[in-house]
Amino acid sequence: MEIIIAKYSGFCSGVKIAVELVEKNISNNTVTFGPLVHNQSVTDYFKRKGVDYIESPEGINNKTVIVRSHGVSPEVISKLEAGENTVINGTCPFVTNVQRIAKNIIENNKQLIILGDKNHPEVIGINGWAKYKGIIINDLEELQGYQQDQDQDLKLDLSKPIGVVVQTTFNMEKFHTIISKLREQAMDIEVHNTICKATNERQSAVRDMAEKVDMVLVIGGKESSNTAKLTSICKSLDVVTYQIEEAKEIDPSWLNNIKSVGITAGASTPDWIIREVISMVNELNGQEEVKGEEQENAWE
Ligand code: F3S
């Protein structure tokens with residue numbers, strides 16, 4: 001059986017920065033704001049080293065708090081600083097850029113549309129920089145809802161200037177679909193395609209790979225937005241697709257009658273988990289077992 005690994009997969013530059021910051025500040029007094037990445041194995045790894053995570057700034061005092069790559073709102077930073085915490089900013093530079101653009105759009109008195117998932121921490125943080133004035137849209141139905149539902153707190157007026165930013169891990173095709181619709185209707189619109197390079201590369205690479213294989217394994221946390229998008233791209237291409245967090249989730253029957261397997265991984269998946277999955281597929285296929293091991297410091 002042939003195994004093809006997507007050209008771009010696994011840890012992105014932003015996650016590597018955040019992981020390195022935590023590695024440098026390992027201590028029982030260090031916490032991250034939210035799980036460092038949406039990957040249980042990584043969260044567990046840092047917990048074993050004494051670094052837990054917090055969900056809210058309330059009641060947190062005299063700690064070292066690392067802001068993860070998703071970023072947070074200015075209010076969260078102010079509250080953490082008021083609690084005499086040392087705040088280390090691990091926000092991915094691509095996310096910082098979206099926060100800055102969103103803030104400028106609101107300061108220029110334009111309506112702000114954020115394309116993304118309203119419950120995702122990155123989007124919540126971006127909206128915080130925009131004084132919570134962003135209209136958050138995840139798909140065409142939600143766009144129509146904002147235009148038709150007069151009960152919405154924030155109404156979208158397509159006759160007035162609009163600025164658009166995008167969650168860094170948004171699906172590129174969905175972005176183009178929504179923007180075409182908006183451009184047909186809006187009088188004055190500026191669009192900032194803030195989907196990050198890593199997302200772009202991973203989504204293109206998975207498309208290329210999915211066309212060449214019988215089955216795809218997408219490795220990543222169930223909460224990981226960018227992993228979910230890789231899975232939905234593969235499914236949309238009608239290739240048999242399974243999303244897993246770890247090698248042990250692979251059901252041997254998945255490999256029956258399969259001649260080629262594609263493997264990709266979300267931006268929050270460390271390479272040691274990818275190696276374990278490759279080893280497991282080889283093992284189940286009766287090829288020489290190469291045991292992947294969790295390496296305490298190897299994130300590459
Ligand atoms: Fe940054 Fe993109 Fe990764 S925004 S954290 S490089 S997925």
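1. L182 belongs to helix α7 (residues 172–185); helices (H or I, at least four residues) and strands (E, at least two) are DSSP runs, numbered from the N terminus. Because it has 20 C-beta neighbours inside 10 Å, L182 counts as buried. By definition, a residue is buried if 20 or more other C-beta atoms lie within 10 Å of its own, exposed if 12 or fewer, and partly exposed in between, with C-beta atoms placed from the backbone. D153 stands 29 residues from L182 along the chain, and their C-alpha atoms are separated by 20 Å.

2. The model is a predicted one, in which local features need pLDDT of at least 70 and side-chain atom pairs count only at pLDDT 80 or more, while totals for chains, interfaces and linings use all residues. Residues are numbered from 1 along each chain as its sequence is written.

3. On confidence, the protein averages a pLDDT of 91, and 94% of the residues score at least 70; pLDDT is the predictor's confidence in each residue, from 0 to 100. Over residues 288–300, however, the pLDDT is below 50, and this stretch has 21 contacts in the model beyond near neighbours in sequence. Two residues are in contact if their C-beta atoms, placed from the backbone, lie within 7 Å. The scores of the model are ipTM 0.98 and pTM 0.87.

4. Strand β8 (residues 162–166) is joined by 3 bridges to strand β9 (residues 189–191), and the two run parallel; strands are said to pair if DSSP finds at least two bridges between them. Within β9, I189 is the bridge partner of I162. The chain passes from β8 through α7 to β9 in a right-handed β-α-β crossover. Right-handed here means that, with the strands pointing away from the viewer, the path from the first strand over the helix to the second runs clockwise.

5. How well is β8 covered? Of its 5 residues, 5 are buried. I162, V164 and V166 lie on one side and G163 and V165 on the other, and all are buried. In a regular strand the side chains alternate between the two faces of the sheet.

6. Strand β6 (residues 111–115) is likewise mostly covered, with 5 of its 5 residues buried. Q111, I113 and L115 point one way from this strand, and L112 and I114 point the other way.

7. Which strands pair with β6? One is β8, in the parallel sense over 5 bridges; in β8, I162 is the bridge partner of Q111 and G163 that of L112. Another is strand β7 (residues 134–137), also in the parallel sense, over 4 bridges; in β7, I135 is the bridge partner of I113. From β6 the chain crosses through helix α5 (residues 121–129) to β7, and this β-α-β crossover is right-handed.

8. Two asparagines deserve a check of the backbone. N109, in the loop between α4 (93–107) and β6, has a positive phi of about 60 degrees although it is not a glycine. N109 is exposed because 8 other C-beta atoms lie within 10 Å. N62, in the loop between β3 (52–54) and β4 (64–67), has a positive phi of about 55 degrees and is not a glycine either. N62 is exposed, with 9 other C-beta atoms within 10 Å.

9. The domain assignment gives domain 1 (2–10 + 197–284), domain 2 (13–92) and domain 3 (94–191); such bounds come from an automatic or database domain assignment. Between the C-alpha centres of domain 1 and domain 3 there are 30 Å. In this pair, 6 residues of domain 1 are in contact with 6 residues of domain 3. On the side of domain 1 that touches domain 3, α8 (197–210) and α9 (225–236) are the elements that give two or more residues.

10. Finally, L217 is located in strand β10 (residues 215–219). Why does L217 count as buried? The reason is that 27 other C-beta atoms lie within 10 Å. Leaving aside neighbours within four places in sequence, L217 is in contact with Y242, I244, V261, I263 and V277. L217 and E2 are 215 residues apart in sequence, and 13 Å apart in space from C-alpha to C-alpha.
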